[in-house]
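Good morning, and thank you for coming. I would like to take you through one structure today, beginning with a question about a single residue.

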Amino acid sequence: MSQMNMVQAINDALRLEMRRDSRVVVLGEDVGKVGGVFRVTQGLFDEFGDERVIDTPLSEGGIIGAAIGMALYGLVPVPEIQFADFIFPAYDQIVSELAKYRYRSGGEYPAKLVIRTPVGGGIRGGHYHSQSPEAQFIHVAGLKVVCPSNPADAKGLLLAAIRDPDPVMFFEPKRIYRAAKGDVPEGDYTVPLGVAKVVRPGKDVTIVTWGAMLYESLEAANQAAGQGVDVEVIDLRTLWPLDIDTVIASVKKTGRVVVVHEAPKSCGFGAEIVSLVNEKAFLHLEAPPVRVTGFDTPFPYTLENEYLPLAHRILPALLETARY
Amino acid sequence: MSTYEFKLPDIGEGVSEGEIVKWLVAPGDTVTEDQPIVEVMTDKATVTITAPKAGKVLETRAPEGGVVPVHSVLVVFEIGGGASPKAPAPAAAAAPAAPAAKNEPAATAVGDIRETLPGMSLMPTAVASAPAQSNGQASKQSYFNEKPLATPATRALARQLGVDLRAVPPTGSNGRVTKDDVRSLVTDGGAAPKPPVIEHVAPVEVAAPLALPPVTPRPAQKLGLPPPPAAVAALEERIPLRGMRKRIFEGMTRSKHTAAHFTFVEECDVSALKALRARLRPAAEKAGVKLTFLPFFVKAVVAALKRHPTLNAAFDEATQEIVVRRYYDIGIASATEAGLIVPVVRGADRKSILDVARDIQRLGEETKVGKVRPEDLGGSTFTITSLGQQGGLFATPILNFPEVAILGIHQMKQKPVVRDGQIVIGDVMLLSLSFDHRIIDGHIGAAFAYEIIGYLQDPDRLFLEMA
């Protein structure tokens with residue numbers, strides 16, 4: 001065990017897997033000599049050389065297209081897109097090629113790779129450095145989508161993602177890259193994909209969240225406890241495949257659910273979760289499911305703290321739901 | 001602009017509460033003065049209440065099926081001025097000034113202190129629960145709301161406990177039925193926890209006892225239909241017992257469970273009556289009245305009642321007294337779409353045939369369009385039910401509680417009759433008279449029937465009875 005932040009834990013996972021599996025390569029803008037704009041790939045270039053840690057031109061479509069080609073030839077690429085906001089030039093490669101290769105080749109070409117990309121706001125990044133487009137990838141059949149909330153999970157989930165036969169979108173919440181610190185087990189371990197975690201048990205209201213908003217949810221839950229509302233907080237960890245069983249078990253216990261995410265409300269992943277809750281736990285509901293999310297606007301630079309579903313916006317939703 | 005609380009008016013003598021049958025407006029609707037807003041049913045009639053003033057409906061204070069005491073607030077209106085007033089903005093006021101202005105009291109001399117404001121109903125335990133509580137047990141039993149509000153979890157509980165949510169008075173916020181409401185109904189014994197079954201009782205033959213054994217009242221067990229087979233479940237429709245049907249249901253049950261009905265049927269030759277009516281009709285028409293047979297029946301009944309006053313009686317169960325009435329308010333049973341009602345010709349003994357005809361014409365028109373007035377309903381001393389063209393050969397009318405007699409009139413038909421030893425074609429009508437045998441002995445009832453028949457066969461005699 002050693003204390004690490006998210007950046008260090010992800011770096012640890014990459015280093016470990018590159019040592020263990022020579023097929024693993026890293027590529028992206030400034031991931032080599034510079035070690036990545038957030039320092040996630042720091043030291044990898046020195047240890048593994050420019051054959052396995054590749055600085056690429058500024059071309060997201062090219063990065064992902066090349067990575068897909070490597071994967072088809074048997075490598076295990078872990079490309080980085082510098083900000084999730086920049087991923088859209090590669091969206092066609094991801095949606096039309098990556099997500100479908102295994103299916104359309106009858107399993108012959110699994111296109112096994114992991115796209116790492118920092119996600120989310122709260123870093124004074126403005127509208128091109130703060131978005132949370134996870135739902136747009138969850139909606140694409142053939143992809144798995146992960147979003148860790150802490151260093152230990154980040155390392156274990158990344159190792160599991162690299163070893164997974166399917167392409168995985170690995171969203172790293174950059175707001176907590178350095179703020180989220182914790183003990184990270186030494187050496188090799190995985191956190192299984194598709195398994196959520198009840199971070200805080202409670203009996204009155206269920207919060208479903210992930211990534212950076214986990215901490216805001218915990219803060220709100222703490223404040224709600226002071227007002228007599230006992231909140232259970234679930235960290236999804238893997239968004240797709242969704243661990244709906246854990247969510248439903250909790251909602252059946254509490255009868256009330258609040259989904260918290262940074263992305264805009266309409267057609268955000270919260271909509272899918274609420275819909276599944278209605279389908280699977282309808283007769284247990286004591287109150288309408290609620291979403292506390294970003295707004296249906298571009299991510300605002302000056303109004304960042306109003307846009308994000310921070311604790312001061314989650315708490316009233318918890319109390320209203322509990323007292324409905 | 002201000003709000004106006006409209007209270008359920010005193011809509012009829014002795015009426016203490018009304019059941020909301022149907023709202024014709026919803027909060028947010030704009031209404032004109034005298035626009036129908038709600039149908040309210042009392043024990044006497046269903047009346048349509050109109051808006052007292054033009055304005056906007058802010059709140060309706062009772063759900064459909066809810067029972068509202070007279071003089072309690074029914075609707076809250078916003079009256080005077082359409083759009084919400086805006087205080088004159090100070091020159092070049094900044095944008096944030098606008099919301100602040102809303103919260104300030106309007107600048108009038110006395111201040112605009114309101115009884116209610118939009119959104120007040122959102123407070124838990126506010127209006128929705130108050131009327132239900134004030135009505136106490138009585139309203140709890142009669143509560144019915146076609147579309148109850150409840151969360152899915154409450155609905156699941158109600159299903160599990162076999163409680164009909166529609167019959168649960170809500171105490172939750174926004175008029176919602178809570179889980180506690182559902183449970184309390186079960187503990188109150190208001191709902192059977194298990195699906196009820198029909199009890200089959202084998203017939204038992206017993207020898208007639210010399211002395212009557214003491215009557216043991218049957219336990220008030222409610223029998224429900226067994227759940228239908230799945231294949232036909234969708235083919236069944238369940239119509240809640242409410243509104244006028246409920247009143248009729250209760251009235252008929254009470255009558256049949258109290259009075260000892262016996263029905264006397266006799267034939268009546270109406271040839272003379274037909275001729276008389278034909279002769280008088282043009283004169284009546286000149287007076288603007290359509291002369292039917294019914295006014296003659298009313299007058300014949302009144303004349304017969306005067307000779308047999310106990311037929312115009314009622315039984316007071318509380319004091320165990322027979323109340324003989326020396327006034328003659330004759331009920332005319334009338335079919336309407338909503339059900340049977342009985343408008344009344346008041347003081348029929350003091351009215352001419354023409355007056356009675358005029359009354360009946362007006363009552364008929366008002367009944368037809370559902371506008372019968374509360375003062376025209378209830379309190380009759382004797383009832384006539386005209387069975388019309390499909391009245392059958394004869395019938396056994398049920399007494400209009402607490403009256404002790406009712407006259408059923410059947411269709412006039414041409415039939416062979418024997419007159420002076422000859423078979424001739426006669427105009428014949430059957431009368432079906434039901435009596436309460438506890439109070440009216442058989443020969444009295446028969447004598448009364450023949451008294452009526454006498455007047456109808458020789459209607460000129462009615463002139464002798466003219467007041």
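Does Arg124(A) count as buried or exposed, and what are its C-beta neighbours inside 10 Å in number? Please keep in mind that we are looking at a predicted model. Arg124(A) has 10 C-beta neighbours inside 10 Å, and because a residue with 12 or fewer is classed as exposed, Arg124(A) counts as exposed. This residue sits in the loop that runs between β5 (114-119) and α6 (134-138) of chain A. Its phi is positive, about 55 degrees, although Arg124(A) is not a glycine. Most residues other than glycine have a negative phi.

Asp420(B), in the loop between β17 (413-419) and β18 (422-436) of chain B, has a positive phi near 50 degrees. Asp420(B) is exposed, with 5 other C-beta atoms within 10 Å.

Let us turn to peptide bonds. Most peptide bonds are trans. In chain A, however, Trp240(A) and Pro241(A) are joined by a cis peptide bond, with omega about 5 degrees. Pro241(A) belongs to the loop between β12 (238-240) and α9 (244-254) of chain A. In chain B, a cis bond links Phe401(B) to Pro402(B), with omega about 0 degrees.

Finally, consider helix α8 of chain A, residues 213-226, which reaches 20 Å from its first C-alpha to its last. Its buried residues include Met213(A), Leu218(A) and Ala224(A). Among the elements that cover the buried residues of α8(A) are β13 (257-264) and α12 (311-322) of chain A. Just after this helix, Gly228(A) takes a positive phi of about 85 degrees.

Methods. Residues are numbered from 1 along each chain as its sequence is written. Chains are lettered from A and ligands numbered from 1 in the order in which they are written. This is a predicted model: local features need pLDDT of at least 70, side-chain atom pairs count only at pLDDT 80 or more; totals for chains, interfaces and linings use all residues. Helices (H or I, at least four residues) and strands (E, at least two) are DSSP runs, numbered from the N terminus. The expected span of a helix is 1.5 Å times one less than its number of residues. A residue is buried if 20 or more other C-beta atoms lie within 10 Å of its own, exposed if 12 or fewer, and partly exposed in between; C-beta atoms are placed from the backbone. Two residues are in contact if their C-beta atoms, placed from the backbone, lie within 7 Å.
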